[in-house]
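Please read this report with the sequence and the three-dimensional view side by side. Where does the chain bury its nonpolar side chains, and which charged side chains pair up?

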Amino acid sequence: MATETGDVADPGLAPAGRLRVEWARGQMPVLETVRERLARERPLDGLRIACCLHVTAETANLVLALKEGGAEVWLCASNPLSTQDDVAAYLLAEGVRVFARRGEDEETYYSHIRSCLASLPDLTVDDGADLTVTLHRERRDIIGRVLGGTEETTTGVQRLRRMEAEGVLGYPVVAVNDTPTKRLFDNRFGTGQSALDGLIRATNLLLAGKTVVVAGFGQCGRGVAERARGLGARVVVVEADPVRALEAAMSGYTVLSSIKAAEVGEVFITVTGNKGVFRKEHFERMRSGAVLANAGHFDVEIDVGALRKEARSSRRVRPMVEEFVMPDGRRLYLLAEGRLVNLAAAEGHPAAVMDLSFADQALALQWLAGEGRGLAPRIYPLPEELDREVARLKLESMGAEVEVLTPEQREYLSSWTLGT
């Protein structure tokens, strides 16, 4: 239901959304600590923040923390299939400007981004850089008022680095994705669990004994490969970077080219951040029954257009499974239209790991609104002390303890004269 303050599927879903958000909040102790600090100090008073994120229960807790910190928040979706409509309705009821509907078409998707930009934001929060890129292409008139932005995912950071290299980035952006507490834990443990969760929910497949091909061995690919192996799968890794490929091989995975992997795989999961990872020549070699899923940000990693063109027929056999019958009778199965399987077919990363990422996001925005004002327009890391604070708070919530160095140990580490 579209209004001046937002566009959501059904405002009546707000009570169900509230329960979902409260459940996630109970698994996010670090963000809760940050939220209490923001509510006390109000560092975002008077600022408008435009957010383009997956509209999930975890995101809702970040948005509400920013609101309690004094900000006026406008939110749109960073993926047409990731929106939880009940969460969108709840946030709208809580005074957040929300423009997100699950299953929205491309035209609506970009109109929602434009609606958020109409807020004339002081800060931006992005996941994939669509909002940032649209701002630079269509609303250059407001670039000068933007204090800074943050970027949540690898694909978005890659796009922004290209903008920086070409001299078109108009304001400073913190690459939250590159922060250790985000990259090492959200990408690896979050994607590792949620990608397989989405695949299993969509198909009800038993992975034990199957050959699972993981394309990409960055942090996300490592996580998917680890979890697939833990479920009893034989894991094949496809990787273009020789150092990462070597790491995969020495971690016990079979490392093959994509063409050879296409001939042996039964389940294929892409996590590369690149396009056309599996395409016509791969589809021609895949065995009947092969399942294709994407856990990369954009729906370009599997060449869905080529798959549709090559197939003699297709039909939906489960809510998130489309069957393609190839000319020779083989049947290939595409999950979630080639979009992010962990969010389209499941609920995304567990709240406990998004706790870290969104605490990083909140602290990055506070930093940009305070100490970070006046920075040159380029990509910045989150200050190390903030990242370490997030890690410390998480360990504390888990009942874990960090070792404290003795004075002698600190002196040894800081000296070049002490040796054997």
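## Basis of the model

This is a predicted model, in which local features need pLDDT of at least 70 and side-chain atom pairs count only at pLDDT 80 or more, while totals for chains, interfaces and linings use all residues. Residues are numbered from 1 along each chain as its sequence is written, and side-chain values use heavy atoms, with hydrogens and water left out.

## Nonpolar cores

In soluble globular proteins, nonpolar side chains tend to be buried together. A nonpolar core is taken here as a set of buried Ala, Val, Leu, Ile, Met, Phe, Trp, Tyr and Cys residues joined through side-chain atoms within 4.5 Å; buried means under 20% relative accessible area, exposed over 50%, and partly exposed in between, with a 1.4 Å probe and protein chains only. The largest nonpolar core has 56 residues, and within this core Ile-49, Leu-66 and Leu-91 touch the most other members. Helix 15 (residues 351-369) gives the most to this core, contributing 13 residues; helices (H or I, at least four residues) and strands (E, at least two) are DSSP runs, numbered from the N terminus. Apart from this core lies another, of 32 residues, including Leu-196, Ala-202, Val-235 and Val-321.

Contact means heavy atoms within 4.5 Å. Leaving aside residues up to four places away in sequence, Leu-91 touches Ala-60, Val-63, Leu-64, Leu-75, Val-96 and Val-98. Phe-278 lies in the loop between strand 12 (267-270) and helix 12 (280-283), and Phe-278 counts as buried because its relative accessibility is 0%.

## Cysteines

How many disulfides does a search of the whole structure find? The search finds zero, a disulfide being a pair of cysteine sulfur atoms within 2.5 Å. For Cys-51 the closest cysteine sulfur is that of Cys-116, at 7.7 Å, which is too far for a bond. The sulfur of Cys-76 also has Cys-116 as its closest cysteine partner, at 3.8 Å, and this too is too far for a bond. Cys-51 is buried at 0% relative accessibility, and Cys-76 is buried with a relative accessible area of 0%.

## Salt bridges

Side chains of opposite charge can pair when their charged atoms come close. A search of the whole structure finds 34 salt bridges, each being a side-chain nitrogen of Lys or Arg within 4 Å of a carboxyl oxygen of Asp or Glu. In one of them, Glu-389 pairs with Arg-37, with the closest N and O atoms 3.6 Å apart. Because Glu-389 lies in helix 16 (residues 384-397) and Arg-37 in helix 2 (residues 29-41), the pair ties together parts that are 352 residues apart in sequence.

Helix 16 also holds both Arg-392 and Glu-396, four residues apart, about one turn of the helix, and their side chains meet in a salt bridge of 3.2 Å, N to O. Arg-392 is partly exposed at 38% relative accessibility, whereas Glu-396 is exposed at 53%. In a further pair, Arg-331 and Glu-323 have their closest N and O atoms 3.1 Å apart; Arg-331 is partly exposed at 33%, but Glu-323 is buried at 3%. A network of salt bridges links Arg-20, Asp-86, Asp-197, Arg-201 and Glu-347.

## Positive phi angles

Most residues other than glycine have a negative phi. Ala-129, although not a glycine, has a positive phi of about 75 degrees; Ala-129 sits in the loop between strand 6 (123-126) and helix 6 (130-138) and is buried at 0% relative accessibility. Glu-337 likewise has a positive phi, near 60 degrees, and lies in the loop between strand 16 (331-335) and helix 14 (341-344), where Glu-337 is partly exposed at 37%.

## A nonpolar surface patch

Leu-405, Tyr-412, Leu-413 and Leu-418 make a nonpolar surface patch of about 400 Å². Patches are made of residues with over 30% relative accessible area and no salt bridge, with like charges joined within 9 Å and nonpolar side chains (Val, Leu, Ile, Met, Phe, Trp, Tyr) within 5 Å; the accessible areas come from the Shrake-Rupley method with a 1.4 Å probe, and for residues only the protein chains shown count as cover. Tyr-412 is found in helix 17 (residues 407-414) and is partly exposed at 46% relative accessibility.
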